[in-house]
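Morning, everyone. Please look at the model on the screen. I'll talk about charged side chains.

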Amino acid sequence: MAGLFAKDIKKQYLRKGQNTNIFTAVDTLDIELVPGEVTIIKGRSGSGKTTLMHMLSGILSPSEGAVFFDGQDIYRMSEKELSRLRNEKFSVIPQGQGAIGSLNVLENVLLPFSLYNKEKGKEDEAVKLLEKLGIDHLKNVLPRELSGGEMRRMSIARALLKKSDVIFADEPTGDLDDENTKLVFDLLKQAAQEGAAVLIITHESGASQEADHIYRMDAGILQKGDV
């Protein structure tokens with residue numbers, strides 16, 4: 001599997017108030033996501049963690065710098081090429097709502113395989129993942145009938161089923177109890193052991209023991225180490 005490397009990336013926004021000024025959400029940084037390893041980023045809300053993840057995952061283009069996957073600058077790709085790359089090589093576990101409301105749980109988990117004529121016949125594997133996550137009994141339920149924690153576990157199953165090169169997890173255990181939190185970190189660690197590069201944004205104090213690399217973000221500045 002291929003890894004991901006960001007060089008000199010930065011994200012700034014123009015604020016228009018009484019005086020026009022520039023807000024730096026993410027200050028200039030380098031980061032590498034290595035196949036087979038778990039990288040954790042900690043930090044307070046509003047520190048720039050999610051903005052950084054969105055840049056790395058092809059959702060939000062940086063103001064400066066470049067993001068490389070398998071040697072290619074992903075933001076020099078066409079929109080169609082980038083969309084396909086994200087579908088085939090990246091998995092994102094979002095913080096918020098990440099479901100199609102008209103599809104049931106199983107259909108949402110299988111959704112990435114309905115695009116680009118990808119591999120079919122994943123239903124049994126999907127149900128086994130839902131069972132591991134304790135929500136297989138909800139496979140025919142629509143998202144509006146799920147709790148926040150059930151919705152989160154559905155998103156996790158969808159991300160893991162793809163067996164992507166890079167997995168981006170934004171507070172993947174935010175709605176979960178201690179038992180399910182441990183299970184999710186174990187599954188993400190297993191995905192790394194199977195070759196994926198895994199990035200986890202988390203506030204969980206126990207997550208550090210699962211990590212190969214730990215960063216802390218504060219006011220858009222990324223520092224190495226659990227400081």
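First, a term: a salt bridge is a side-chain nitrogen of Lys or Arg within 4 Å of a carboxyl oxygen of Asp or Glu. This is a predicted model, where local features need pLDDT of at least 70, side-chain atom pairs count only at pLDDT 80 or more, and totals for chains, interfaces and linings use all residues. Residues are numbered from 1 along each chain as its sequence is written, and side-chain values use heavy atoms, without hydrogens and water.

The structure has ten salt bridges. One joins aspartate 175 and arginine 152, at 3.0 Å from N to O. This pair links distant parts of the chain, 23 residues apart. Aspartate 175 sits in the loop between strand S7 (166-170) and helix H6 (178-193), arginine 152 in helix H5 (residues 148-161). Helices (H or I, at least four residues) and strands (E, at least two) are DSSP runs, numbered from the N terminus.

Buried means under 20% relative accessible area, exposed over 50%, partly exposed in between (1.4 Å probe, protein chains only). Arginine 152 is buried at 7%. Aspartate 175 is partly exposed at 42%.

Next, aspartate 73 and arginine 76 form a salt bridge at 3.5 Å, N to O. Aspartate 73 is buried, at 17%. Arginine 76 is exposed, at 74%.

Now helix H2 (residues 79-89). Arginine 84 pairs with glutamate 88 in a salt bridge, with the closest N and O atoms 2.8 Å apart. The two are four residues apart, so about one helical turn separates them.

Finally, Lys122, Glu125, Lys163 and Glu194 form a salt-bridge network.
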